[in-house]
Amino acid sequence: MRSGMANFSKSNVPQFAVDVYQNEYLPEGGREVNAIVTVTATGGGTVGSAVAAPHLYSPGQGPSAAVALMVDCSGSMDYPPTKMRNARDATSAAIDTLRDGVHFAVVGGTHVAKEVYPGGGRLAVAGDTTRAQAKQALHSLSAGGGTAIGTWLRLADRLLSTADVAIRHGILLTDGRNEHESPEDLKAALDACAGRFTCDARGVGTDWEVKEVTGIASALLGTADIVADPAGLAADFTRMMETAMGKEVADVALRLWTPLGTTVKFVKQVAPTVEELTGRRTEAGPRAGDYPTGSWGDESRDYHVCVEVPAAGLGQEMLAARVSLVIPEPGGSVQNLGAQGLVRAVWTDDMTASTSINPQVAHYTGQAELAQAIQQGLDLRKAGDIDGATAKLGRAVQLAGASGNADTAKLLAKVVDVVDAAAGTVRLKAKVEEADEMTLETRSTKTVRVKK
Amino acid sequence: MSQMPQQAAVSKCPSCEEPLEPGDRFCGACGYDLSVVPARPEDSPTLAIHGVVPAPDDVDWPVARDSDGHGHPAPVHAAAELPGTDSGGSPLPPPPPAAPPSAPAVPVAPAGSPATGVRFDRPGEPEEYPLQAPDPRLTAEPAPVPGQAPAPEPAAASRQPAPDAAEKVCVACRAGRVDDDGYCENCGHAQPRERDHMEQESGPIAAVSDRGLRHHRNEDAFSVGCTALPDGAPASVAIVCDGVSSATRPDDASLAASRAAGETLLGALPRGTHPQQAMHDAILAASQAVNALADEPATAREQAPHQNAPACTLVGAVVTAGLLVVGWVGDSRVYWVPADRTTPPARLTEDDSWAAQMVAAGLMNEAEAYADERAHAITGWLGADAYELEPHTASFKPDRPGVVVVCTDGLWNYAESAEEMAEAVPLDAAARPLHGARVLVGHALDGGGHDNVTVALLPFPAPSQGAGSA
């Protein structure tokens, strides 16, 4: 059985592999080098086994972890009353998914943050007793008050930092706008928490602000999604917790070395979602910088790296970038995870070679444009620019169809009437369900991988 | 452009057009003295061989068939057609079962499907570009070939900084250290690799290989060596291979093939194997070495989709006191350049190329064939995905001294005809082979250096011991 095998290697950091996909050939005078870097972590086996049989884990066998559940308890959660009940049930399901030995706490969020369980500025350690106690404590949750998400995050950070653990993770549920603190306050809280724990964010119903929820997930390197129907919360919370329990190593950074005279034009995660990382670089020695990627279980992600190198003569070859993975350690040193990928530039007069675009690069360039076209299209639609919105969403339909992103194509079809998908001809729907528009916006960054 | 040796042209009496039999000294119809047939003006491998070749001591090599002293070109032989003897005159042990029973005298493309088995020696439709850094195991100092006297000369000083084991400094920016992958830690530039420029002398022969000016790595390889026959007579060996660029790891293929063939020849000749048989066996050994590469698991760095089997061409020559044996697969060539430049030079190999096959099959004339974009596609190569391997070998008994030029198309693209090649070969090439090889590589670089360039020079006859050390 898989879980039995996995138990022997539990404390191990997964094996990381780096694969580079690029056309390294440049024409004479060419400078821009694009590469898709696939990072794959394997060997821990925790995702499969934790999901299949979480209770088979006993204390000390999984990577040490702490989880904070942040549940919106603002007044609006009572409209309709099923929303609060569903949030309680979902939190209860998430608690059931906690692996034995994992530290956890439940935070109730309004315009202030309150410890719901265990209280006293501590974390509980998951076991049959604490799980039952926590679920009991959820009954006391009641709706009333405002929304200041920054305070919830700061409390979660304080609680999570009390445990000496490898993985720190938050799950945040909100149903409304962050009305009781300034955007600057939320931004400051996110800056303070970034790199200290990862956090998934969920919006329930349709009264919340998509950009707030996606902004939280993006800053804290977690996932964002909409749960339009509160009845779907329990299943979603269970999945989120299972994923969190599958994480094996935290704070992994993508380290990019580039040679002298080279400009990093951008670094972005492109699968499973588009996540801009360019601005999140921290310098790491001469000509090297680290880009945060958060925590990893058994999973694979793709990154698009684009650098501009100084031109060199025909027949010349240079290393345009070296990609490796590191974990920062106390004291400023890092643990190098071993795997590395080389991004090259080779100048050639073979036009066939230098003019072709690597299929992976082409695909993800399209996926990034797709996400951008959806966001711009929806913004223009809200601003009343019908022509602009039609053009952008038409382009999105075209890109989604061409790249085989069926999920996004389906979401788009709920917002526009597709006249000709291949040509990108669409008409805005006169009436669009708010949930459909918010789902499209929240999930606009989801990508598909290259069809092989 | 390259040309097949037109056997038909010399299989008729030049006087009365009567068909001739190989070995005829006089025309059976009109009595025309065939020994005075003038050498064809083209670069067909015409070697006037008059009289008796001075045989070294007791060795009585069989006369290569059809090298009969009538100016007939030596046709392509399957090695098995030419039973070798050891130097005592005794029959050799039976050839290995791998040797094909016979091979057609001239490789001919199937007329209905001329492109079948054709391989372009350039990237095809690029989709992915798996660029393999040279395997460090293989790019390391070439292992010395047994019987090979001097160690390889270091690469040309202009390209190679003084070796400093402790701290290699980048040749491009002169500031950065060189990392383990061979790139500068400062400016990122790839450092000259061992194989970018290689020179080697071995006794009286020498070879030079260069990356050229347009390719980012050298996918050619060579091996040269000297040995002695059982009777102590000297023998020189040169093998030159050209990696097929559209295949995976072409540089590994050429290196493996040149080594395997060189080692096979240098092992077989001292045991008394007939040089033509030894050449045949060497090509088979090279083929197996290249095939074996396809079975090796890709290293992490080489993991890439769309890999295909490593492949290369091979051309080689063995020179003894009285015999010149050539062997090849692909479009790398051997030229004969007599010391007396008033006598005609010759090309001794026939390309396994699409154009050559079209001309040979009579489907196109030379102009048409070489105007086609498929002209330079090769139709024979070493590699796991090669069609049935057809090693071509031929032996010659030149009647005068000269120099044997063994080269890749990176050179002959700039000196295609035998006359052009002879013009490029310095007059003292037999005496100063390393210098001569450098001059020839320079000729290709001056012409544009569009491909890797490799050339080996072997003086004929092999100088007796002590006479030829450069």
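**Strands, helices and a contact**

Tutor: To begin inside a sheet, A:L26 stands opposite A:W347 in β18(A). Strands here (E, at least two residues) and helices (H or I, at least four) are DSSP runs, numbered from the N terminus. This is a predicted model: local features need pLDDT of at least 70, side-chain atom pairs count only at pLDDT 80 or more, and totals for chains, interfaces and linings use all residues. Residues are numbered from 1 along each chain as its sequence is written, while chains are lettered from A and ligands numbered from 1 in the order in which they are written.

Student: In which sense do β2(A) and β18(A) pair?
Tutor: They pair in the parallel sense, over 2 bridges. Two strands pair if DSSP finds at least two bridges between them.

Student: What is the order of the strands in the open sheet?
Tutor: The 6 strands of chain A follow the order β2-β18-β17-β11-β15-β14, with mixed pairing.

Student: Why is one side of β2 and of β14 in chain A left without a neighbour in the sheet?
Tutor: β2 (25-26) and β14 (282-283) stand at the edges and each has a single partner strand, so one side of each has no neighbour there.

Student: New topic: how do β19 and β20 of chain A run?
Tutor: β19 (residues 416-420) and β20 (residues 425-428) of chain A run antiparallel and are joined by 4 bridges. A:D417 has A:R427 in β20(A) as its bridge partner. Their hairpin has 4 residues between the strands, and A:G424 takes a positive phi near 80°.

Student: And the helices: at what angle do α10 and α11 of chain A pack?
Tutor: Helix α10 (residues 359-382) and helix α11 (residues 386-403) of chain A pack at about 150°, with axes 8 Å apart. Axes are lines fitted to C-alpha atoms, for helices over the stretch in contact, and angles run from 0 to 180 degrees between N-to-C directions.

Student: Which residues touch chain B, or rather, how many does chain A give?
Tutor: Chain A gives 23 residues to the contact and chain B gives 19 residues. Residues are in contact if their C-beta atoms, placed from the backbone, lie within 7 Å.

Student: Which element of chain A gives the most to that side?
Tutor: β17(A) does, with 4 residues.

How values were computed
Contact = placed C-beta atoms within 7 Å.
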